[in-house]
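Look through the sequence and the model first, then go on to the points below.

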Amino acid sequence: MLTVAVPIAVPIAVPIAVALAVVAVLVSLPYWLPRRVVALRERVFARINGDEGIPVPGGLAGVDRFRELYSHPAANGRSRGAALSDLFWYWLSPGPEMHQEHLEPGERYDAVARTTRSLLAVPKAEAEELARRCAARRLEGVRGMVRLRDLMMPLWAEFAYELVFAEPCPREARDLIAANADDVVTSLKCTGLRHMDRRDRLTRYLLPRLDKVRVPLPDGLTPLEQAYYLQGAFFNTAVVQLSEGMAHLLLVLARHPEEQERARTSDDRHFDRVINETLRLYPLFGIAHRITSGDIALDEHTTIPAGSVLCFNYPEFHRAGFADPDRFDPGRFDRPAKELNHIPFGVAANRPCPAWRLAPIVMRVVAREVLDRYVLDSSVSHTRSLPSRGPCLLTPRGAPHRPRLALAYMRVRDRWEDVWRSLVQLVLGTYMVWDAHRLRLCERHFAEAAARDPAEERHPAEEGDPAETEAPTAAEAPDRTTDAPDRATDAPDRTTDAPDASDAFDAENRYAHHGRHPGSRRTR
Ligand code: HEM
């Protein structure tokens, strides 16, 4: 009997075992593949970028010296001299050389930063009212499954437009701004490639409207540079950051029903704790880098030389010194935030976010508008980079609330999307890092500027004692924001020649996208 049974059992058992193994691997994919792919992506990025950065906190300087180093007057270079800058310039194109975040210290930076402060200097009540209006318009008729980042983008697009132009945002402008901001953040997260046509359409829209901006734009900039400045700071950074911040905030509340209920009835102080804790757990910046313009002595044996790239790691700093740091607990902020390792808007002494007062105020208003209308539920995983854009179920308050099936579906879909998305991020991210490295937008910008004017070749370190650089103190910082008394509302009297500006755009945008400057013979 045995001699007959064995040859039949083996051929059947083998395919069954293989089929079971394949099923087991497939079913387990969501639990291990995304993590491995992220680790692989980091290795590929590091390999292409090189390991030029000094991580802070890290071996040279720990958490205890984080603020001191970040605030050091010599930690003031923004773009020039770091390969990492080529990557940011690539993602932020067109016009990364005019983006406030990436301008080197100097007159041009000062003029641009002044304009940003004027545009953000809106009385608190007006800012709240504007946010409330934009939220009410956007939320009309919305219900069911949404992606929170997508829900928020048009809202903040309208908000940013009205801050800049002091008039209601036309639908065309809203769509152009949201498309621009979405394209930037999608490529930054490596879930899609750049679509420069979408971004260019916004630049073209802005160019003939520069004379309608409600404060004078920085002198000494061409119309195209002014359009790039506005596009970078207000129609990219402001919209992206507020949308991402709100997606985190609403997702946290969706994942913590008891906190959601409490937030609905709580006062502003408690709401601010919720916002603080959200931005502690999910800071919008992963790493901010600075290039040192002078030596920084750490102790008698260790000096960080001029020209080093310091990489300030926000998530790591925000975890240090907290018990159970991965737990969401707004109660941590019963103590003043400045006593904690908490810098969601950067450090006051080194180019902090100019919207650091305005942003939490308007986020609170919009969150309340959402909570007044809906019960929020979500079962997706919540990570800092949030590539899922925050899937969430919005049930109108008072309507039947039975989310169990929807949440089960959302959980399974999220796990499987994670598998596909991590592969997409690996492929597209590797391509974009390689492409940015090849185009070297930042490096070539400074090389060409130096060729035109040799004085440009000098690093800020050679232009005087960095210790003399004026750094804002924490006490000064509040004047720079919402309630600043020097609010400038008078419309500037200027005569921008729109057709010329568009012509300039046609010539110059080739450089911004593809790395070729008009007049330069160099090709890629
Ligand atoms: C939740 C909302 C926001 C968060 C968490 C945030 C966070 C930050 C952080 C951490 C920095 C400093 C990065 C560094 O040290 O390199 C920064 C810089 C900046 N942010 Fe924000 N931001 C937000 C909203 C906004 C808004 C609404 C605007 C509107 C214009 C804005 C414009 C800028 C600009 C222009 C800079 C560069 C500052 C400079 O270099 O002078 N941000 N932001």
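Among contacts in the protein chain between residues at least 6 apart in sequence, what percentage join residues at least 24 apart? The figure is 78%. The model discussed here is predicted. Its protein chain contains 16 helices and eight strands, and buried residues account for 39% of the 524 residues in that chain.

**Around the ligand**

- The ligand is surrounded by 24 residues, and the closest of them are Ala238, Gly245, Gly346, Cys353 and Ala355.
- Two elements each give two or more residues to this shell: helix H4 (107-120) and helix H9 (223-255).
- H9 gives the most to the shell, with seven residues.
- Sorted by class, the shell around the ligand holds 16 nonpolar, six polar and two charged residues.

**Helix H9**

- With 33 residues at 1.5 Å a residue, H9 should span 48 Å. Its end C-alpha atoms lie 46 Å apart, which agrees with that expectation.
- H9 has a bend of about 35° at glutamine 231.
- Of the 33 residues in H9, 30 are buried, so the helix is largely enclosed by the rest of the structure.

**Helix H3**

- Helix H3 covers residues 83-92 and is mostly covered, with eight of its 10 residues buried.
- The buried residues of H3 are Leu84, Ser85, Asp86, Leu87, Phe88, Trp89, Tyr90 and Leu92.

**Tyrosine 70**

- Tyrosine 70 belongs to helix H2, which runs over residues 66-70.
- Is tyrosine 70 buried or exposed? Tyrosine 70 has 22 other C-beta atoms within 10 Å. A residue counts as buried when 20 or more other C-beta atoms lie within that distance of its own, so tyrosine 70 is buried.
- When neighbours within four places in sequence are left aside, tyrosine 70 is in contact with Ala75, Phe312, Val347 and Asn350.
- Between tyrosine 70 and valine 56 there is a separation of 14 residues in sequence. In space, the C-alpha atoms of tyrosine 70 and valine 56 are 8.9 Å apart.

Note on methods
Residues are numbered from 1 along each chain as its sequence is written. This is a predicted model: local features need pLDDT of at least 70, side-chain atom pairs count only at pLDDT 80 or more; totals for chains, interfaces and linings use all residues. A residue is near a molecule or strand if its C-beta atom, placed from the backbone, lies within 6 Å of it. Helices (H or I, at least four residues) and strands (E, at least two) are DSSP runs, numbered from the N terminus. Ala, Val, Leu, Ile, Met, Phe, Trp, Tyr, Cys and Pro count as nonpolar, Asp, Glu, Lys and Arg as charged, and the others, Gly among them, as polar. The expected span of a helix is 1.5 Å times one less than its number of residues. The bend at a residue is the angle between axes fitted to the seven residues ending there and the seven starting there. A residue is buried if 20 or more other C-beta atoms lie within 10 Å of its own, exposed if 12 or fewer, and partly exposed in between; C-beta atoms are placed from the backbone. Two residues are in contact if their C-beta atoms, placed from the backbone, lie within 7 Å.
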